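Open the model in your viewer and keep the selection tool ready.

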Amino acid sequence: MKRETQFTHLGRPKAGLGTAVNPSVTRASTLLFNDAKDLYRSDVRGYGRHGAEVHDALAEMFTHLEGGAGTTLFPSGLMACTLPILSQVKTGDHVLLTDSSYGPTRNFCFTSLKNMGIEVDCYDPRIGAKIQSLVKPNTKLIILESPGSLTFEIQDIPAITAVAKTMGVTTLIDNTWSAGLVLSPLALGVDISCHAATKYFGGHSDVMYGAAIAADKQTAKTIAQTAKNFGNASSPDDAYQILRGFRTVMHRFKHQESSALALAKWLDTREEIQSVLHPALESHPDHSIWKRDFTGSGCIFSVVMQKVSSKKIEAFINALKIFGIGYSYGGFESLAIQCDPQLRRETAQPLSGPLVRFACGLENVDDLKGDIEQALVALT
């Protein structure tokens with residue numbers, strides 16, 4: 001079955017006499033037993049914090065999406081990255097973090113991890129197999145993100161995971177950009193794939209959620225136990241909304257992907273733009289790797305503007321009427337942000353102009369193009 005069909009039928013109750021098409025939402029903290037000895041069984045759910053039927057259905061969906069061995073669910077995308085990181089490292093260990101990583105993940109590594117006595121170094125996202133030279137005897141984890149947040153570098157995932165496996169290092173990737181629909185990192189050797197399900201799977205900008213899928217059962221068990229130790233829990237209502245989003249994600253993703261690529265190609269012809277950072281464009285320096293490992297692209301990309309003042313960039317953003325000003329992506333609405341205030345890099349040369357990121361929603365692409373075109377006047 002194709003994924004559109006799979007996502008329509010997975011995670012549903014078995015049909016009977018008048019069976020609801022969706023799993024039930026159970027709101028409960030206390031779960032009751034009719035036999036005292038059953039309270040301590042390890043094969044049953046003992047407390048509401050441990051989830052419900054709807055959580056099981058959603059975890060099944062994510063595990064199937066990535067072809068993994070098990071999924072742990074989280075109340076936010078950031079927690080879906082940070083707790084799996086914590087599950088793999090301890091005081092005295094060393095972590096390698098891609099220099100193009102999501103800002104809050106980067107902040108977590110350079111604050112919380114360092115406060116725990118864990119060493120963190122950034123690496124060039126384009127390093128490939130040469131990452132071997134950065135691996136130390138105490139290196140336990142390599143954190144990837146492809147494409148990179150804001151600047152959209154594509155990593156050579158198979159080359160990095162091959163080194164990691166040879167040297168006994170675990171790999172973790174933030175796979176939010178692809179939604180797991182156009183990139184299968186576990187098949188490329190990654191051990192843990194993390195998602196901010198807030199984005200594509202939520203789809204309507206009204207719920208936050210996250211998921212981490214492990215390639216093997218032991219890693220899945222370690223992540224789940226770490227999450228349990230930290231009191232991780234997510235609302236059954238939120239899990240239900242993400243499960244509902246799963247049903248239509250393929251169709252929404254295709255529309256947003258198509259709009260983003262069309263806008264990227266058009267902006268690549270505009271004199272106000274120095275370069276477009278979209279890996280599906282042949283002009284992108286990592287296009288060949290993207291073409292090898294990905295089957296499509298996402299809804300966000302960035303552009304490097306011609307050199308103008310930050311005030312003019314702000315005026316351009318403020319002049320947009322359809323694009324909203326805000327973080328996130330994958331929802332029904334298009335967004336635009338000025339990236340320079342949050343851009344942090346250690347291994348890359350500074351960009352030659354201001355950086356702006358666009359996220360395409362479900363609007364008509366011609367309307368989005370017209371909105372950008374009228375706002376570009378603010379740059380003059």
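A crossing is left-handed if the near helix is turned anticlockwise from the far one by less than a right angle, and right-handed if clockwise. Helices (H or I, at least four residues) and strands (E, at least two) are DSSP runs, numbered from the N terminus. This is a predicted model, in which local features need pLDDT of at least 70 and side-chain atom pairs count only at pLDDT 80 or more, while totals for chains, interfaces and linings use all residues. Residues are numbered from 1 along each chain as its sequence is written, and side-chain values use heavy atoms, with hydrogens and water left out.

**Stop 1: H2 and H7**

Select helix H2 (residues 53-66) and helix H7 (residues 236-267). H2 passes H7 in a left-handed crossing. On the H2 side, the contact (heavy atoms within 4.5 Å) is made by Val54, His55, Ala57, Leu58, Met61, Phe62 and Leu65. On the H7 side, select Pro236, Ala239, Tyr240, Ile242, Leu243, Phe246 and Arg247. These contact residues divide into 12 nonpolar, one polar and one charged. Here Ala, Val, Leu, Ile, Met, Phe, Trp, Tyr, Cys and Pro count as nonpolar, Asp, Glu, Lys and Arg as charged, and the others, Gly among them, as polar.

The axes of H2 and H7 are 9 Å apart, at an angle of about 40°. Axes are lines fitted to C-alpha atoms, for helices over the stretch in contact, and angles run from 0 to 180 degrees between N-to-C directions. H2 and H7 are therefore oblique to each other; angles under 35 degrees count as roughly parallel, over 145 as roughly antiparallel, 65 to 115 as roughly perpendicular and the rest as oblique.

**Stop 2: the aromatic rings**

The structure holds 10 aromatic pairs. Rings of Phe, Tyr and Trp (its six-membered ring) pair if their centres lie within 6.5 Å; planes under 30 degrees apart count as stacked, over 60 as edge-to-face and the rest as tilted. Show phenylalanine 62 and phenylalanine 201: this pair is edge-to-face, with 5.1 Å from centre to centre and 70° between the planes. Phenylalanine 62 sits in H2, and phenylalanine 201, 139 residues apart from it, in the loop between strand E6 (192-195) and strand E7 (210-214).

Phenylalanine 246 belongs to H7, 45 residues apart from phenylalanine 201. Both phenylalanine 201 and phenylalanine 246 are buried (under 20% relative accessible area; exposed is over 50%, partly exposed in between; 1.4 Å probe, protein chains only). Phenylalanine 62 is buried too.

**Stop 3: H3 and H6**

Select helix H3 (residues 77-88) and helix H6 (residues 217-229), whose axes come within 9 Å and cross at roughly 110°. That makes H3 roughly perpendicular to H6. The crossing is right-handed. Leu83, Pro84, Leu86, Ser87 and Gln88 in H3 meet Thr219, Thr222, Ile223, Thr226 and Ala227 in H6. This set divides into five nonpolar, five polar and no charged residues.

**Stop 4: two loop residues**

Is serine 178 buried or exposed? At 0% relative accessibility, serine 178 counts as buried. Find it in the loop between strand E5 (170-174) and E6. Leaving out residues up to four places away in sequence, serine 178 touches Leu183, Phe253 and Phe294.

Last, select glycine 168, in the loop between helix H5 (157-166) and E5. Glycine 168 counts as exposed, at 58% relative accessibility. A distance of 7.6 Å separates its C-alpha atom from that of lysine 140, 28 residues apart along the chain.
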